[in-house]
Amino acid sequence: MSEWLENHLPKVVLAPSFIAVLIFVYGFIGWTAWVSLTRSKLLPKYEIKGFIQYERLFDSPRWDTAINNLYIFGALFIVIAMVLGLLLAILLDQKIRVEGAIRTIYLYPMALSMIVTGTAWKWILNPGLGIEAMVQGWGFPNFEFDWLVNPDYAIYTIVLAAIWQSSGFVMALFLAGLRSVDGEIIKAAQVDGIPTWRIYTAIIIPSMAPIFLSAFIVLAHLAIKSFDLVIALTGGGPGYATDMPATYMYAMAFSRGDIGQAASSAMIMMLVVFAIVVPYLYSELRAKND
Amino acid sequence: MTDLSMPQTRTQSAMGKIALRWLLYVLLGLFALYYLMPLFVMLTTSLKSLEEIRTGSLMSLPREVSLDAWKTAWSGACTGIQCEGLRPYFWNSVLIAVPAVAISTLLGALNGYVVAQWRFKGANIIFSLMLFGCFIPFQVVLLPMARLLGIMGIAGTIPGLIFVHVIYGLGFTTLFFRNYYVTIPAELTKAARVDGAGFLRIFWSIFLPLSLPIIVVTVIWQFTQIWNDFLFGVSFSQAGTQPVTVALNNIVNSTTGVKEYNVDMAAAIIAGLPTLLVYVVAGKYFIRGLTAGSVKG
Amino acid sequence: MKRFALSAVSTLAVVAGTSVIAEPQAEVLHWWTSGGEAKSVAVLQEEFASNGGTWTDMPVAGGGGDAAMTALRARVLAGNAPTAVQLKGPAIQEWYEEGVLADISNVAEAEGWADVLPASIAGHMMCEGTWCAAPVNVHRIDWIWANADVLAANGIEMPTTWEEFNAAAEKLQAAGVIPLAHGGQAWQDATVFEAVALGLGGPEFYQKAFVDLDPEALTSDTMVQVFDQMRTLRGYVDENFSGRDWNLATAMVMNGEAAFQIMGDWAKGEFLAAGKKPGEDFLCASTPGDGYLYNVDSFAMFDVEGDDKRAGQELLAKLIVAPNFQEVFNLNKGSIPARTDVALDAFDICAQISAEDMGSTSAGGSLLPSYAHGMALRGAQAGAITDVVTAHFNSDMSSADAVQQLADAVANSY
């Protein structure tokens, strides 16, 4: 008996977590899929009515905007945050005297809830209150920075604030990566007289491939879940120009009492996640098995 | 250490080197400004009087520094009919965050240990299924979770909130520990088993002592997530168990009341202090922890 | 049967003003969390306590109650519903249909609510012939607020038609004053929109379009005109209106930066808080046109277990509609009492206008529910309309397109 236990202990230890995930992640996804096929309004109902919610979803111009915004936001946010994070990590890795302080400054936005930093950003980006007014006050009356109030550009202010919040974390990931690159190889390259930028592009950055993937996963997860940020910064406006799938879903489920519609939008969101994460997991785990 | 500021050739002039150095500091400084700007706005606003906020520029320094807003935010602001500020809710958040962080970290360590070192058939599948759990939008789980919490009899309670945070923290904590333990040679486990050590003993006396850096990383991540959580806090609490983010939201987000921006900003900073503190104090270990292997895929 | 007997007994107890059966208990979910709002709720809590009740406060602010509704849904699904919940408009009936509301008819009948509430407001409190909610106040939505000095300096009277308003706005714009202070948030756009629709189309049109959702009214020429006027108004707001909080817009009127604001009467609280006097520093009038758009806050009682909680519900319902609370609460909140028999001597001039208009429009059938504030339609339909209104106001969509989208969105919202 105790031998059996000893042999199966790893599985026994993993089992509760696994069962919890099966129920609370996959069970709930299944539940959502079911509800998305019903006409649930205020509270969930379980009588299947077909794909009507998906038809409504694809007929909604607001959902189109939300999905487009997710693509724009997701792509810009992930790419810029990674590039900026990498750049900052490289800059910080040059034996900077006050590295600790600067690193903390870059990292702190992750610690604050967007419920309120959103208000500060709203003021900063508002043309009449923030940067535009300030620069004009310095004697540049033609300076314009009105993205926040321009329906075509407002989504970029969300990108700006999101990068502010997360790029420090990416910087930390890359900094850690730079610190764990084998110093001997670099010394050898330096002795060979290879220029600095070549050392970075040819040796250091390629060796950090796993970090790019980790950073990508963290950022993609933040992009898809971005909710607080939009609510606090623009509330989805001007109009619904900065609506995102997460905010769309929340509005449908909780302020409009249209749970069936919310569930269908959640399923589409989850498909997008699936399309991004599964290839990653596949490549990750295949590499491990080789 | 990839220190490239060392002169690798003698051709670079000393002048050029100094100029580059200056450029580097200027760049770092400019980025620091970008990151500090919102904090600056929040801090200065919290020190101004409401009158000054109404009439003056939002980006300017306060004409008269006043700490009244901070006092109000901590112990006087109304979050409903009770006007006790954030203080009572702070304790709720501690009661939720501390056990939730501890439990999810411990479970993550055990899971990561199993997945990385005791691979059995299907372990990878199980791991990737758990990892996918990181990506489920939380809005999706609110309603079914509410129903289940009700069935379990812990709806609206602090244990209920701890439970929810542990469940949805498992994906990330397992990922962190798994990626860390994967870098520890499997030979170590094998040798220990030959010596007769069991599963738990190996974990307890070999892996756990090695894990300090990754524990720091996981604790920081989990603490930030749980402390700043609003959605679960607002949905699964009831009177008396609401966390500090819900109280903050009650102060900040009134629709038809008079808005006191200075109190809002002070409240925001107070609510964020524990996480800020964690980042400042543990920031160094954070990088070290990440360096120590968690990011090596 | 047993339950009926119990509630009958506890009604008797409430009517007698004592609570011998059980200590009244109430956990109250609401979203009045700040300043004047919170003080107003505290009045209720004190009365509740002085009648022997124990009040547990469960405030959740944000998004005009969105966050509170999220919490409510989770609580109801968990089988752990709060005792009393701030709930309004058709949402009351929606929750009733889910079978989770308690019946408070015995209190309402004992207290004679039907005699003291205007019929259309009483209608919102009834579910299939029983009383299921208690009204707290009446906010008027179709208000226009103005800076008295700015109007005087430019020789402008409060406009009584939308043409007059447009003429005044042109004049102000020429004089370098922002004519309309506005915050570009969806609900604020909708607030202006419904005031314009009521003014240009009249009460009957409003009723057809925003209460009955009559497709003909939604696609009518009148609706095109309403959107045209919205486009005109868009020209009268400053460039930085997007996302602005309503109270910052009010501050612009206060400072004389802007002349007018169209907003519900909570804006008055902001003026008063800054020490401004109604009639002297700032002016209030109903927006051009006939009718009265109301937003009635109310509390619904949820089906809960336990005699102490049921006693709490009945005591709470009784106190909410009682004259004393209606007066004190509304003095704090800037609104007017829902019951018509409260003396208004203590109220300011704006509140008195509001009460008088409520009486006359109630008699004339033009006392109408505000769609923008969730009184006229269910969430899905109201939201669908607001989506179009805010998209039109914040882009260069033509009025014809907007009307088409409006009809489509409403059709797609069921």
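Hi everyone. In chain B, seven residues of domain 1 are in contact with seven residues of domain 2. By contact I mean that two C-beta atoms, placed from the backbone, lie within 7 Å.

A quick word on the ground rules. This is a predicted model, where local features need pLDDT of at least 70, side-chain atom pairs count only at pLDDT 80 or more, and totals for chains, interfaces and linings use all residues. Residues are numbered from 1 along each chain as its sequence is written, while chains are lettered from A and ligands numbered from 1 in the order in which they are written.

Back to chain B, then. Its domain assignment gives domain 1 as 14-66 and domain 2 as 87-294; such bounds come from an automatic or database domain assignment. The C-alpha centres of these two domains of chain B are 33 Å apart. Which elements give two or more residues to the side of domain 1 of chain B that touches domain 2 of chain B? They are α1 (14-47) and α2 (50-55) of chain B. Helices here are DSSP runs of H or I with at least four residues, strands are runs of E with at least two, and both are numbered from the N terminus. On that side of domain 1, α1(B) has the largest share, three residues. By class, the side of domain 1 of chain B that touches domain 2 of chain B has three nonpolar residues, three polar and one charged. For those classes, Ala, Val, Leu, Ile, Met, Phe, Trp, Tyr, Cys and Pro count as nonpolar, Asp, Glu, Lys and Arg as charged, and the others, Gly among them, as polar.

Now chain C. Here the assignment gives domain 1 (2-140 + 296-350) and domain 2 (143-293 + 361-411). Taken over C-alpha atoms, 30 Å separate the centres of these two domains of chain C. Domain 1 of chain C brings 18 residues to the contact and domain 2 of chain C brings 20 residues. At least two residues each of the side of domain 1 of chain C that touches domain 2 of chain C come from α4 (90-97), α7 (119-124), β6 (133-140) and α17 (349-364) of chain C. With three residues, α4(C) gives the most to that side. The side of domain 1 of chain C that touches domain 2 of chain C divides into seven nonpolar, seven polar and four charged residues.

Let's stay in chain C for a strand. Is β9 (residues 258-262) of chain C largely enclosed or open? Five of its five residues are buried, so β9 is largely enclosed by the rest of the structure. Buried means 20 or more other C-beta atoms within 10 Å of the residue's own, exposed means 12 or fewer, and partly exposed is in between, with C-beta atoms placed from the backbone. Strand β7 (residues 143-147) of chain C pairs with β9(C) in the antiparallel sense over three bridges, and pairing requires at least two DSSP bridges. C:Ala146 stands opposite C:Phe260 in β9(C). Strand β8 (residues 178-181) of chain C runs parallel to β9(C), joined by three bridges, and C:Ala181 stands opposite C:Gln261.

Finally, chain A. Its secondary structure comes to 13 helices and zero strands, and 53% of its 290 residues are buried. Its C-alpha trace spans about 80 × 70 × 30 Å along the principal axes. The contact between chain A and chain B takes 84 residues from chain A and 73 residues from chain B. On the side of chain A that touches chain B, the largest share, 16 residues, comes from helix α1 (residues 2-35) of chain A. That side of chain A divides into 57 nonpolar, 18 polar and nine charged residues.
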